[in-house]
Amino acid sequence: MTDLPRIPLAGVIGHPVAHSRSPALHGYWLRRYGIKGHYIPLDIGQADLKEALHAMPKLGFVGVNVTIPHKETVLALADVVTDRAALIGAANTLIFRKDGLIHADNTDGAGFMANLRQYAPHWTAQSGPAAVFGAGGAARAVIVALIEVGCPEIRLANRTRPRAESLRNDFGTKLQVYDWVQAANMLEGAALVVNTTSLGMTGKPDFRVPLDALQPGTLVIDLVYTPLATQFLIEAQDRGAHIVDGLGMLLHQAAPGFERWFNHRPEVDDATRAAVLGA
Ligand code: NAP
């Protein structure tokens, strides 16, 4: 019998995972580039995570994306953790290496920046202070990326203030923590405003902050991408802000994993966006 090469498998592990757009995205890229491979959603509970990760390479998996609630836990289960993932304290991309080691990386910050470069090319780190709402895993990735590009001042507010304080302890004095109830003050003179909370997602309350201090032309980004046009973005646009939705970040954070697993750098363009929206 001829020994046919194994068809590479990849997927997204989470719990729940049915809502994920990643299978539609990677499935589109696989078809577009004519690559033999599959990408599937894998609903894996915390108790089974370790066993599942060790079984996957034997089943033909070359890697997986990681979503809630496993992004932090996988760091302890990986053999090699990139400096970026260690700094953020979470991984979203795993590579099952040929030598049997599990390599963990975090591409959320790079995805955030690539989305900015694509949809707000006029913005630079020197444009002025950034205001970040939320202090979860996504906020950590965004803040690390903003510090890396030289953002001079990052204002931060989180419902649970100690979580924001802990980010300041980790990332230093460029961060200024504001009280959640006074978070609107962060908008005064801000050049960039980012919602990294999960508020505004379908099924959750809207993210509401008084926008009186928002200057026309300010760049406002929502990491939430279901729905695409969140109430926060709609209100910011009504006040003259330049808005960017969260879908572009999702597409860009996915590209490095796809390239590592399937040996092809995918395009993040209008056709990709349309394919994911239409799925
Ligand atoms: P996470 O670690 O669970 O953090 C959730 C954040 O939302 C925390 O700051 C939390 O505040 C805040 N929050 C939740 N419910 C709230 C409420 N009722 N009132 C005020 N704040 C509330 O989640 P994550 O991984 O950072 O993800 C956050 C969001 O970003 C999600 O919507 C996720 O889908 C999105 N995201 C998008 C991309 C993309 O590619 N576009 C990538 C990553 C994440 P507390 O600390 O007070 O609980």
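Where is the place of asparagine 263? I looked this up at the start, keeping in mind that the model is a predicted one, and I found asparagine 263 in the loop between α9 and α10, the latter spanning 270-278. I noted that phi of asparagine 263 is near 55 degrees, a positive value in a residue other than glycine.

Next I turned to α9 itself, the helix of residues 247-262, where I located glutamine 253. Is glutamine 253 buried or exposed? I recorded it as buried, because its relative accessibility is 7% and the cut-off for buried is under 20%. I then followed the side chain of glutamine 253, which reaches the backbone oxygen of leucine 250 at 2.9 Å. Setting aside residues up to four places away in sequence, I listed Asn65, Asn92, Thr107, Asp108 and Gly111 as the residues that glutamine 253 touches.

I went on to the nonpolar cores. The largest has 33 residues, and I wrote down Phe112, Trp123, Ile143, Leu146, Leu192, Leu219 and Ile221 as those with the most contacts inside it. Among the elements that each supply at least two residues of this core I noted α5, α6, α7, β7 and β11, and α6 gives the most, with seven residues. For leucine 146 I looked up the contacts beyond four places in sequence, and these are Phe112, Met113, Trp123, Ala130, Val132, Cys151, Ile154 and Leu192. Apart from this core I found another, of 21 residues, which includes Ala52, Ala78, Ala85 and Ala104.

How do α6 and α7 meet, and at roughly what angle do their axes cross? I found that the axes of α6 (residues 137-148) and α7 (residues 161-171) come within 12 Å and cross at roughly 35 degrees, and that the crossing is right-handed. On the α6 side I listed Arg140, Ile143, Val144 and Ile147, which meet Ser166, Leu167, Asp170 and Phe171 in α7. I counted these contact residues by class as five nonpolar, one polar and two charged.

Last, I checked the peptide bonds. Which bond joins histidine 15 and proline 16? I found a cis peptide bond there, with omega about 5 degrees, and placed proline 16 in the loop between β1 (9-14) and α1 (22-32).

Note on methods: Residues numbered from 1 in each chain as written. Predicted model: local features only at pLDDT ≥ 70, side-chain atom pairs only at ≥ 80, totals over all residues. Heavy atoms only, no water. Axes fitted to C-alpha atoms, helices over the stretch in contact; angles between N-to-C directions. Helix = DSSP H or I, 4+ residues; strand = E, 2+ residues; numbered from the N terminus. Left-handed = near helix turned anticlockwise from the far one by under 90°. Contact = heavy atoms within 4.5 Å. Nonpolar A, V, L, I, M, F, W, Y, C, P; charged D, E, K, R; others polar. Core = buried A, V, L, I, M, F, W, Y, C linked by side-chain atoms within 4.5 Å. Buried < 20%, exposed > 50% of the residue type's maximum accessible area, 1.4 Å probe, protein only. Polar contact = N/O pair within 3.5 Å; in protein donor to acceptor, adjacent residues only side chain to side chain.
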